[in-house]
Structure formats: C-alpha cells, structure tokens
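Visitor: Please take one part of this model and go through it closely. I would like to know how its pieces sit against one another.

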Amino acid sequence: MASAAAALPAVSAAPAFANTPPARTGAQAPGWFRSKVGDYEITAISDGFVQRPLEGFVRNVEVAEVQKTLAAQGLPGTHIRVPYTTLVVNTGSQVILLDSGNGDFAPGANSGQWMANFRAAGFTPEMVNKVILSHFHGDHINGVRNKAGQLVFPNAELMAPEAEWAFWMDDARMNNAPDAMKPAFQNVRRVFGPSADKVTRYGWDKEVAPGVTSVRADGHSPGHTVFVIASGAGRMMFMADITNTPVLFARHPEWQVLFDMDAQKAIETRKRLLDMVSADRIRSAFYHGPFPAVGQVSRDGGGYRLDMLPWQDAL
Ligand SMILES: [Zn+2]
C-alpha cells in the first residue's frame, strides 16, 4: 500500500510534454462517408444534428422507458440527438441527391454544415442532375432554395412525390389547417412555389432515376417515400423517416415519434420496410440515424438492430 500511495503524487508532477489544448472544441472531421452499391458510389453527407428534449418525443411510452433504451446503447438519458443525413448517388453518369438537408434554415448551431460537407466530399451544386425528395418536411426540402430565393442546385431536376404534392399544395387544406401547421404549408410554397411548373411529380414503384425506385412509405406524411438503389448485385434502401432516430424506433418500431402524421400507418410502414431490408439483406441509410447511418438492419428480439457499416478505408 505504501508504495502505491507513494507513486500517486507523480500524477501532479510537472508534465513531460507541453500542454496541447483541443484544436477546436467540439470539432469533428468533415461529415461525409463513401460506400458502394454495385458500381454506384454512395456518399452520405451530414447536416449535423439537433438536440431535443425527451419529454413528449415518444408519444406512447414514458420517458423512463426511452431512457432505458438510450442507456442500453451507452447514450445519455438527458436528451435525444436527431441527426440529418442526405445521400448523394453517383451512378457514373448522373449525380443524384436524395433529400436536401436544412440549407439556410438550420435549426440551431449544431446543424447548417451541409454545403461545407458536400464540397469537402468533392461535389459542387452545379454537378447535381436530380434532387429527389422523400417528403415535404422542412428538414428534407429546405436546402433546395436559399434565403435569397434562389435554387441551390441550378442544373438539377426537382422530383417530388405526387401524393405529397397533392396534400401540401392544396390551398383549401392549408386554409383549414390548425395554426400550428400553417407554417409547414407556407414553407412548401416558399421552396417550390416559384418553380412549381418545373417540379417533376412521381408515383410509387417508379424508376425515378437509373437504378433508383420509389417505394410507398406513407404514414410519417401522406406521400412519404423511400428509395431502393440497385446496381449489379448491390442494393440499398434510403429510409428517409421510416424511423426518426433508429436508436429508438428501429429497436421499438411500435413507438410513435412526435412527427408521424398518421402514427398507426407509420408503424405498419416501419415494420413492413424494416422486415423487408432484414429478410432480403438490403443495406439501409437512415436520414435521422447517427452518422453515417449506413448499415444492415436485422431482426433483434421484438425489434430491429442497425449494424453500422465499418469505416471504408478504400472502396
Ligand atoms: Zn425528417
């Protein structure tokens, strides 16, 4: 005991090396992550995250239950972290963007890095041939048009789900909507209004780009759509908001997130698609998963588990 105690003061002795302060407190490497699906190059681009309070986030379970699920994954039980991750699909002949991030309308200081990350990955807005949108919630469409009112991707065809368009662009529905929901309708008009006649509207089960097929996923919103990307033997599903963070809603597909517009339908859709990617071993990319949110979903107990793809040193 005496010798161990004697060794302790060495800790407070003068350091052998100069103090090295953190380079920039809280900074991370640029948020982009490349993987391949067949011949297609897939790049996940981070738009950071927003931190939300636990209270009210999951509608149908107690906060203590949510905390238990977070703790089981080594996560703090004080808040929910909701990241934003878009996908760039480079087919070799087309650069396709799946959802646009928050653009100039970032909800807080931890988001708003999308363009910097997109450029760090080697892209410019001019390179984008198509922007295909999953649904019309602001965090998915706001990057399409900047604060000055200009389209951010000047050469891109904008593609939107027909059912989503029918719901949000209906003026009578907007006028009759509760006040809390009116800003969402107005935001859809801000994004698309000036270019409404140029937006291509697509249905479900359609090839919206070479190797990219739209899949019905309503519930989260009336026209919510996910996409299967297929090249060679490779397949990936862009899950959009099938779950909010999979940390909670893949583990517990019957939990209802605050933002699901038709909670019961969202649960059915969530189970159907998580079942599909598990059974058929289709890789998944989650819009609101912890970055890069790309990996394999498997059935696990009563829910599902996402095993993230390991870091890819080379593709
Ligand atoms: Zn979302």
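Guide: In helix 7 (residues 182–192), Val 188, Val 191 and Phe 192 are buried; buried means 20 or more other C-beta atoms, placed from the backbone, within 10 Å of the residue's own, exposed means 12 or fewer, and partly exposed lies in between. Helices (H or I, at least four residues) and strands (E, at least two) are DSSP runs numbered from the N terminus. This is a predicted model, in which local features need pLDDT of at least 70 and side-chain atom pairs count only at pLDDT 80 or more, while totals for chains, interfaces and linings use all residues. Residues are numbered from 1 along each chain as its sequence is written.

Seen down the axis of helix 7, the buried residues fall within an arc of 80 degrees, so they line one face of the helix; the arc is that of the directions from the helix axis to the C-beta atoms. Pro 183 and Gln 186 are exposed, on the face of helix 7 turned away from its buried side. The cover over the buried residues of helix 7 includes helix 4 (138–141) and helix 5 (162–168).

Seven strands form an open, mixed sheet in the order 8-9-10-11-12-13-14; two strands pair if DSSP finds at least two bridges between them. Strand 8 (207–209) and strand 14 (303–308) are the edges, each pairing on one side only. From one strand to the next the twist averages 35 degrees, with axes fitted to C-alpha atoms, for helices over the stretch in contact, and angles from 0 to 180 degrees between N-to-C directions.

Within this sheet, strand 10 (residues 225–231) and strand 11 (residues 234–238) are antiparallel and share five bridges. Ile 229 stands opposite Met 236 of strand 11. Two residues lie between the strands of this hairpin, where Gly 232 has a positive phi near 55 degrees. Strand 11 also runs parallel to strand 12 (residues 283–285), joined by three bridges. There, Met 237 is partnered with Ser 284, and Phe 238 with Ala 285.

Leaving aside residues up to four places away in sequence, Phe 238 touches Leu 87, Leu 98, Val 226, Phe 227, Ile 229 and Ala 285; contact means C-beta atoms, placed from the backbone, within 7 Å. Helix 9 (residues 263–279) lies across strands 10, 11, 12, 13 (294–300) and 14, at about 100 degrees to strand 13.

Key
Contact = placed C-beta atoms within 7 Å.
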